[in-house]
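Student: I have a model open on my screen and would like to learn how to read it. Could you walk me through it, one feature after another?

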Amino acid sequence: MPAHLVTVQIRWVDMDAYRHVNNTLYFRYCEQARIQMLGFEGSAEAEQRARTPDPEALPTDGFVLLSVDMEFQRPVVYRDTRAVDVQSWVTRIGNSSFDVAHRIVPVGEHGPDAKPFAACTSVMVAVDREAQRSRHLRPREIEMLRSYEDAALPVPQPGGRRGPQ
């Protein structure tokens with residue numbers, strides 16, 4: 001099972017003129033999963049973060065999205081699919097940045113052989129918002145990110161190149 005899983009309801013308004021979910025919404029689905037995984041809102045992770053705050057954290061600390069790459073593999077058709085699962089896991093942890101992989105899959109199809117609708121890679125950077133510059137990841141953040149590593153799933157690669165299968 002992936003390190004983090006979010007089920008996203010597909011709305012009728014998400015459809016485009018071709019009667020499938022508009023490609024821009026795939027980015028939103030991954031964003032929603034990433035926000036919940038990092039413990040910012042609407043998740044068990046956010047509740048845990050509120051109960052046990054990081055004593056080293058500053059009010060100006062945060063993460064920003066540096067880049068995102070999406071490979072669209074097949075359309076999500078609203079009449080056939082009313083929800084999708086977004087799997088999210090950390091694939092790389094650096095000094096001040098980390099990579100998050102996402103797969104948008106049919107609900108309940110989580111294994112390495114699942115046929116995703118899309119695969120995405122996001123690069124996130126730890127920042128000091130007040131200084132408007134990157135900062136080193138703190139030990140507690142690294143510990144949290146390591147808890148989301150999942151080597152069992154194929155890693156999407158930027159530019160549509162796939163990682164190990």
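This is a predicted model: local features need pLDDT of at least 70, side-chain atom pairs count only at pLDDT 80 or more; totals for chains, interfaces and linings use all residues.

Student: Are Arg135 and Glu141 buried or exposed?

Tutor: Buried means under 20% relative accessible area, exposed means over 50%, and partly exposed lies in between (1.4 Å probe, protein chains only). Arg135 counts as buried because its relative accessibility is 14%, and Glu141 counts as buried at 8%.

Student: How many salt bridges does the structure hold?

Tutor: There are 4. One of them joins Arg11 to Asp14, with the closest N and O atoms 2.7 Å apart. Arg11 is partly exposed at a relative accessible area of 48%, whereas Asp14 is buried at 1%. Another pairs Asp99 with Arg92, with 3.1 Å between the closest N and O atoms. There, Asp99 is buried at 14% and Arg92 is partly exposed at 32%.

Student: Let's move on to the fold. What pattern does the protein chain follow along the sequence?

Tutor: Helices (H or I, at least four residues) and strands (E, at least two) are DSSP runs, numbered from the N terminus. Read that way, the chain goes β-α-α-β-β-β-β-β-α, which comes to 3 helices and 6 strands.

Student: Which way do β3 and β4 pair?

Tutor: Two strands pair if DSSP finds at least two bridges between them. β3 and β4 pair in the antiparallel sense over 9 bridges, and a hairpin of 3 residues connects them. To find your place, look for Ile93, which stands opposite Phe98 in β4. β4 also runs antiparallel to β5, joined to it by 8 bridges, and here Ala101 stands opposite Thr121 in β5.

Student: Why is β4 largely enclosed?

Tutor: In general, the side chains of a regular strand alternate between the two faces of the sheet. In β4 (residues 97-106), 10 of the 10 residues are buried, so the strand is largely enclosed by the rest of the structure.

Student: Which residues have the most contacts inside the largest nonpolar core?

Tutor: A nonpolar core is a set of buried Ala, Val, Leu, Ile, Met, Phe, Trp, Tyr and Cys residues joined through side-chain atoms within 4.5 Å. The largest one has 19 residues, and Tyr26, Tyr29, Val84 and Ile104 have the most contacts inside it. β1 (4-9), α1 (23-37), β3 (83-93) and β5 (118-128) each supply at least two of its residues. The largest share, 5 residues, comes from α1. A second, separate core has 11 residues, including Leu38, Phe63, Phe98 and Val100.

Student: What does Ile104 touch?

Tutor: Contact means heavy atoms within 4.5 Å. Leaving aside residues up to four places away in sequence, the partners of Ile104 include Tyr26, Tyr29, Cys30, Val84 and Phe117. For the chain as a whole, take the contacts with a separation of 6 or more: residues 24 or more positions apart account for 70% of them.

Student: Cys30 is on that list. Why is Cys30 too far from Cys120 for a bond?

Tutor: A disulfide is a covalent bond between the sulfur atoms of two cysteines. The rule used here asks for a pair of cysteine sulfur atoms within 2.5 Å. The sulfur of Cys30 has its closest cysteine sulfur in Cys120, but that is 4.2 Å away, so it is too far for a bond. Both residues are buried, Cys30 at a relative accessible area of 1% and Cys120 at 0%. The count by this rule is 0 disulfides.

Student: And what share of the 165 residues counts as buried?

Tutor: That share is 46%.

Methods:
Residues are numbered from 1 along each chain as its sequence is written. Side-chain values use heavy atoms; hydrogens and water are left out. A salt bridge is a side-chain nitrogen of Lys or Arg within 4 Å of a carboxyl oxygen of Asp or Glu.
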